Amino acid sequence: MKPHLFSTSILITLLLPLTLAIRSDAEQNRGDLPPITTTRLAQSDPLNDSPTPQQVQTAAQQITVRVTSAQNGGSGVLVAQKGSTYLVLTNRHVTGRDTQFQIQTRDGQKHAARLVPNTGINPKYDLALLQFTSSKQYQLAKFKYSQEEGGGSVTPLDPTRAIYSAGFPFDSERLRFSNGKVSQLSDVPLEDGTQIGYTIDRGEKELRQGMSGGPIIDAGGLVIGINTVGSNPLLPSYTYFDGSKPTAQRAVQYQQANWGIPIYNFLTQLDANILYNYDNFPKVQRQVTPTGYMAKLNRETRQQTVRIETANAGNGSGVIVAKQGDTYYVLTAKHVLETPATDKEPKQLHTGIKVITHEQEIYDIEPSNIRLAEGLDLAVVKFTSKVDYPVAKLGNYSPNDRATIFAAGYPGRDKIDSPLWQWQLNPGKVADKKWGEFLAQDIQSFSNGYDLIYTTISYGGMSGGAIFDTDGRVIGIHGRAEQINNALLGNSLGISIKTFIGVSDRLQVPNQFKISTNPSVNLNRADLATVIAVRDNIAKPQDDSNGEQWLQYGNQLYRIDKYSDAVLAFEQAINRGQQYKLAGTYGKASALFGNKDYYQALAAISGAISFIGASEKKEYYYLWKYQSVVFRELGKYDSALKSINVAIKLEPSDLRLLNEKAVLFGMRKQSLEAIAIYDLISSKQPEAYAYYGRGHFKYLLGQREAAIADFDRAISLNPSYTEAYSHRGVAKYDLEKYKEAIADYNRAISINSNYAEAYVNRGNLKVALGQIKEAVTDYDRAVSLNPNFTYAYYNRAFLKYRLNQNKEAIADYDRAISLISNTINPNTINPNLASAYNNRAAPKSDLGQKKEAIADYNKALSINPRLVTAYIGRSNNKFELGNNLAALIDIERAIIISPNNAIAFNNRAFLKVIMGKEREAVPDLERSISLDANQSESYACRGFIKEMFGNKQGAMVDYKQALKINPKLIEDWKKQASFLKKYNQESYQKYQQLIEKLEAATKHTS
């Protein structure tokens, strides 16, 4: 009995579960919410209780000190204190290479000072921190920050705002105090941390030597920075932190300004041990200066991005996507340019629209230079300039699930934890399409053409900014972020670039695009590390932080998949007051769901529903949808249907709810009911996803041609519907239309070469065509795209076993079993797990690992007691280990379950021959041959019995037929006999007789 003469479970033909996104043409204007971070730096409002200039000067005298050393000198600012130890902020070029310093305070006292070690400050920044001790009490600089409800208000540092500067010139004993105004504000720091440019109103227009390190103070008496360099330096050099340089025109303007480093850039670089252990420091979020790959991407994408300002609505962002002559075309979000609609007024364009480039050149935009997309949150703004601005490359492809992407833009001046205009390039990932409907919150989530879901943190003002891939190509435009109860919770939403390309003619954009259709490459480990350093830079709120701050923190953790930490953050928000319970509990449910803690997630989402009043149910209808999804994951389909029916009743216009109901019917094996749901959706609004879904269930009912017709309809509505191409290929594969099937798979891959499922489906077809090595290549590609693709490992293992690569096959089955086990619902049985254990046993058996193989069969049968191939395989291995009776019992079980299984009858007959029950074996051999005329062993055994009872002529006929079917039968029997020699001597002797008879027949024939 050949050791693997049993049916290995066939390849899984892939038809993925339905996870379909629904789009709506309904418009909305909600943008991203301002971030709620630990604390906020701000200036006081000069119109409200501001000090007089004389009071500001008096304060400056109290906090400014003179710094001297053996080789150098300058000024500094008293910034913090711990007991009798004081800290002084100054410039690194003031301290130079000296190690011993002298600090002269306002009272004329001189104090020995030294550098503070391990400050954490970027070594390129022109900053240094000194410390000295004194029993006297000195005034410290004031930094206003707020932890009021909602994070307080921030008054940013605007250009033309009044400021003051102070310091001790080398040639004077007196403090110089000058008033002026901000003239330059770089949206990113220069490489030494400098960012504030200002002019002096009266007297000398530039800083004098010795004033470096002195304070820059706003009209409210608050220190906003320290001086670094005066105007018109001898050796001007202006380079941004990312290595880029300003234009020649901008560099001339920079030279005319005095410059300073914002206190914000100092505080956000400072080591936490210093920040938290000294009094007077605001506890702000630490900033990570991008390096390597991330710095390069910052440089390139920033130059393509613009800020869009309006007279009465703050700012948004945009990206330059085309150029014709001197005319540039900026793609942005439509709601950046329009006023919200009201009961009395329709939407209309904002007034005073301006485009501001990365070098802060300002272009006034006339309404005639604006084009708005109909039904999409997209718009194009054009401006004319002689300046050569970089034009972005476009990525016209569908990004893979979990692909790394970046949201770029300029947060509103009142929307970020900084007093400056800070450019943002925030990393994140494309949301897994499998959970797209769960992540997309309500009916608005896919309105306005939004078809991208991603995890990047986005702030108000970044709407209209580009979504870049890892190659720096624009793959979408950022629209909005989801929220609940006025709290930013959920994911970000945008419009894919392929949608824009489809309407670019209507927006009157010339076809001058730089387009690439190749997916982005995966980052190497070093480049990815620079991305993660920025992405994971999240400040934990303090114990006294309010609920909104904890909600924001929890949402940031949720977006980077730190679900357990996010749960704790949301619990902190819940404990901060009744007003945070709904959002906090909803956030907690989302995080628990992400962590696959489904029972706890169910309790949390049910808790969130309990906070909804009767009059609010329609507004929060999607909570019942989420409850339905959690029930579905728990296998509680009846409860899931009840929940989704509540949601449908509350918001019947959200067709995605009907899709969820159809999926639930599918889970309950009610394909006809699911088809009826898709009929209903299609009657309301023809949608590609509805035809695709209906085709899926028709396929499950065996209606291949009808399924293909529905997939055809889906593709006609959406020619880029990769899933429809791939699954139409599956249906054609079943109909043996192999050329058409492979054309569909190829088309799906050409649209999205990152579509792993299409590679698996094409691999399955190649197996049917006997192209085993080519099929393995497709499975290899699928695994490289999705390292967690269970069936790619499963199917590749099957082929590697056929190629006698047993160790590699076992490794693939190991991975498949691990993945299947991690996705099993505790209330359901996954038959694929039983098949995986069953199939893994075969290569183990071939490697001589008989006991390990039996253990796998035992596991398979514990999951599926009716798995016939497992009984047959276990019988083979028990036989080889000498336990003939146990082997016979397993074969009897196989025949009871599957009375038409030719292999089972063949093997039972073989065992009877081995055990000397030849007469009893004959009926089984006859039955085996009648069921399958290609059972070579059955002919050989029947010939052996015929010869034993004197029918040599009849035996010779059977021997010839056995060898005709399998010319390697003798070789196969010898391999097994060599194993039996060690474990089953009695059977070995009988085996040798069979082999000798068959060999003799071969010689006689020849």
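**Entry 1: H14 and H15**

I looked up helix H14 (residues 598-610) and H15, whose axes come within 9 Å and cross at roughly 160 degrees. Axes here are lines fitted to C-alpha atoms, for helices over the stretch in contact, and angles run from 0 to 180 degrees between N-to-C directions. Helices (H or I, at least four residues) and strands (E, at least two) are DSSP runs, numbered from the N terminus. The model is predicted: local features need pLDDT of at least 70, side-chain atom pairs count only at pLDDT 80 or more, and totals for chains, interfaces and linings use all residues. I note that residues are numbered from 1 along each chain as its sequence is written, and that side-chain values use heavy atoms, with hydrogens and water left out.

H14 and H15 are therefore roughly antiparallel to each other (angles over 145 degrees count as roughly antiparallel, under 35 as roughly parallel). Their crossing is left-handed, that is, the near helix is turned anticlockwise from the far one by less than a right angle.

I then listed the contact (heavy atoms within 4.5 Å). Residues of H14, including Leu602, Ile605 and Ile609, meet residues of H15, including Leu623, Tyr626 and Val630. By class, I recorded 11 nonpolar, 2 polar and 1 charged residues in this contact. Ala, Val, Leu, Ile, Met, Phe, Trp, Tyr, Cys and Pro count as nonpolar, Asp, Glu, Lys and Arg as charged, and the others, Gly among them, as polar.

**Entry 2: H13 and H15**

I next examined helix H13 (residues 581-594), which packs with helix H15 (residues 622-633) at an angle of about 25 degrees, the axes being 12 Å apart. H13 and H15 are therefore roughly parallel to each other. The crossing of H13 and H15 is left-handed. H13 contributes Leu582, Tyr586 and Phe593, and H15 contributes Leu623, Tyr626, Val629, Val630 and Glu633. I counted by class 7 nonpolar, no polar and 1 charged residues.

**Entry 3: the second largest pocket**

I found about 820 Å³ of space in the second largest pocket. On a 1 Å grid over the protein atoms alone, a pocket is an open set of points where a 1.4 Å probe fits, with protein on both sides within 12 Å along at least five of seven lines; lining residues have an atom within 4 Å of a point. Its lining has 32 residues, and His93, Ser212, Thr228, Val229 and Gly230 lie nearest its centre. Helix H2 (92-95) and strand E13 (223-229) each give two or more residues to this lining.

Note on methods:
Grid points are joined across faces, edges and corners, and a volume is the space filled by probe spheres set on the points. Angles under 35 degrees count as roughly parallel, over 145 as roughly antiparallel, 65 to 115 as roughly perpendicular and the rest as oblique.
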